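Hello,

Here is the structure we talked about handing over. Please look through it first; my notes on what was found follow below.

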Amino acid sequence: MNTVNIIPLFVIIPLFSAFFISFIGRFVKRAYINLVSVIACSSLLFLSFSGLNLLRSSAAPALVYKIGGWAPPFGICMVLDGLTNFMLITVNLVAFFVSIYSLNYMDKYTDRPKFLTLFFLMLTGMNGLIVTGDLFNLFVFLEIASIASYALVAFGTEAEELEASFKYTIMGSLASSFIFVGIAFLYGFTSTLNMADMASILSAKQNIWIVNFVAVLFLMGFGLKAALMPFHGWIADAHPSAPASISAMLSGVLIKTLGIYALMRVFFNVLGMTDAYLSVLMFLGSLSIIVAVILALSQWDLKRLLAYHSISQIGYVVLGIGLGTPLGILGGLFHLFNHSIFKSLLFLTSGAIDYSTGTRDLKEMSGLREKLPVTAKTNLIASMSIAGIPPFNGFFSKLIIIFACIQKGCIGYALAAVIGSILTLASFTKVQKFAFFGELKEKYKAITEVPLAMKLSMIGLAIICILGGFLLLPSFRFFLNDAVGVLLEGRDYAKIILK
Amino acid sequence: MSLYLLCLTLFCIGLYGVLRKRNIVKIIIGLAIIEYSINLFFVLLGYRFHGRAPIDAQDQNILNMVDPLPQALVLTSIVIGLGVTALLISIAIRLYEKYGTFDITKIRRLKG
């Protein structure tokens, strides 16, 4: 099999399974649908690891698949480079665990085929957005993922969920409109849509105001998708309203793929990063860290608290990337990976609590540690990861980001990161105290631990949380270093793709 | 130039609708106006005055032709806009069933 031919499979497999499931869903038993979904997710996970292997063994900086055999500046191409591999593994790893978790969790809801259809469409959008090398194609995949997520937020069709979905849809479409205007300006200016070609044309022209204008439009659009601080209004409503397995996908990978990845790709590889953009990103990142964590402290709804923490942790990622130094970008990307693991684990445990006790209110729960031992332990691991306690993975990435801040001389930002981390710890101490410790309430005497599939996926993610720090060891370092290399090469991206 | 300014005006009208109107159906219409203004802008980018369709035929010398790519892109964008509008309207119908009103200021059970 030709090596580059695996790249389109990242789009084909989820897209096919989405419509296959919705087609057969009415006629076959639920077990078969579950089987299809797990097979599709595990094959995607396998493919992303084999993609990593292929790129390492081919020794080329990037593999390019040309759709229909059309050469890059004219046709649409799909690119597999270090950053793509990194994001694909992150997304498909979380998707795999979520698909296992959904086997039992989605029993609460009716109409599993429609749920899985939307889930796979969202996965199509994210995988497609990651592998594509064409700016308009990126927009189309972004819209596929967004529209699927709008529908998934409203999946329960209760009053609150519909309200959250309405707000999310209005804001998300507005963000997409800004991104579309940005693409229109760039197309009008460069007469091309291929990102590599666009980068080489833009680097040939100097000092152009239109690039700054487009950068602002993209910052608004992708920033809203990523829930950066001034654009965060929708996240606290939308993420808690979705089913827990979808919240894990939304908070774990969707905001990173649609927001952070697209932002990084466009800013570093196409528009070209300047110090002005970097300082804006750093400021917004540290603003998110501090303000969101303070908002999170006063929340009593467990999932809403987690959603505010998502904003705060996204702030760390953006701060790390905004530093622009190799160490800072390494820390940012590592934190992106770690956050997708522990935040999806936290949402899954909150779903497990909801599944057993039927509540999300922290004041209602107490002493669940005795009745839900697996949930309590995995939640403890994830809480310590997010708060940055050694030796869990969150500690290492936060440490790298803080070191990178000090190395660049930004003491204020380093201080913001430390304060954010302390307040995160306070907030999760509150979760532990109210949810798992204390006296068990009378009405929860009869509850039981969640079913096996949910336990398995939570334990799997918890193991990754514990072992995540090993990615920094020299023998595994290439996974992160290749991704950092792609961002640092900047507009030289064009030469690699177009050669 | 004035055509582009008209696009901007249309965009601002749509933005006004989204931000200031209280009826959710009017908000959806505002969003649709924004989408139309952007589509119009993108088509205008590819337009050439006194241009003609880019059809390559024998014995014809095409000097001034319209850029066809924005038209293809805008078609895609219109379909995406249709999908979003359909989703929003179905959510609005469900919201009316739950809350009994289209007023966005009365639809606020989520806080914090």
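**Notes on the model**

Helix H17 (residues 411–436) of chain A has 26 residues, which should span 38 Å at 1.5 Å a residue, and its end C-alpha atoms are 37 Å apart, so the two agree. The expected span is 1.5 Å times one less than the number of residues. Helices (H or I, at least four residues) are DSSP runs, numbered from the N terminus. Just after H17(A), A:Gly438 takes a positive phi of about 85 degrees.

This is a predicted model, in which local features need pLDDT of at least 70 and side-chain atom pairs count only at pLDDT 80 or more, while totals for chains, interfaces and linings use all residues. Residues are numbered from 1 along each chain as its sequence is written, and chains are lettered from A and ligands numbered from 1 in the order in which they are written.

**Where the chains meet**

The contact takes 29 residues from chain A and 27 residues from chain B; two residues are in contact if their C-beta atoms, placed from the backbone, lie within 7 Å. On the side of chain B that touches chain A, helix H2 (24–45) and helix H3 (69–99) of chain B each supply at least two residues. The largest share of that side, 13 residues, comes from H3(B). By class, that side of chain B has 19 nonpolar, four polar and four charged residues. Here Ala, Val, Leu, Ile, Met, Phe, Trp, Tyr, Cys and Pro count as nonpolar, Asp, Glu, Lys and Arg as charged, and the others, Gly among them, as polar.

Helix H6 (residues 159–190) of chain A packs against H3(B) at an angle of about 160 degrees, with the axes 9 Å apart. Axes are lines fitted to C-alpha atoms, for helices over the stretch in contact, and angles run from 0 to 180 degrees between N-to-C directions. H6(A) and H3(B) are therefore roughly antiparallel, a term for angles over 145 degrees. The residues of this helix contact divide into 10 nonpolar, four polar and three charged.

H2(B) has 22 residues and reaches 32 Å from its first C-alpha to its last, close to the 32 Å expected at 1.5 Å a residue. Its buried residues include B:Ile24, B:Leu31 and B:Phe42. A residue is buried if 20 or more other C-beta atoms lie within 10 Å of its own, exposed if 12 or fewer, and partly exposed in between. What covers the buried residues of H2(B) includes H6 of chain A, together with helix H1 (2–20) and H3 of chain B.

**Within chain A**

A:Ile144 lies in helix H5 (residues 135–153). A:Ile144 is buried, with 22 other C-beta atoms within 10 Å, and touches A:Leu121, A:Thr124 and A:Gly125, not counting residues up to four places away in sequence.

What joins A:Pro390 and A:Pro391? A cis peptide bond does, with omega about 0 degrees, and A:Pro391 is in the loop between helix H15 (373–387) and H16 of chain A. A:Asp111 has a positive phi of about 60 degrees although it is not a glycine; A:Asp111 is in the loop between helix H3 (82–105) and helix H4 (112–131) of chain A. With 11 C-beta neighbours inside 10 Å, A:Asp111 counts as exposed. A:Ala227 also has a positive phi of about 60 degrees, and lies in the loop between helix H8 (209–226) and helix H9 (235–241) of chain A. A:Ala227 is buried, with 29 other C-beta atoms within 10 Å.

Regards

Key
Angles under 35 degrees count as roughly parallel, over 145 as roughly antiparallel, 65 to 115 as roughly perpendicular and the rest as oblique.
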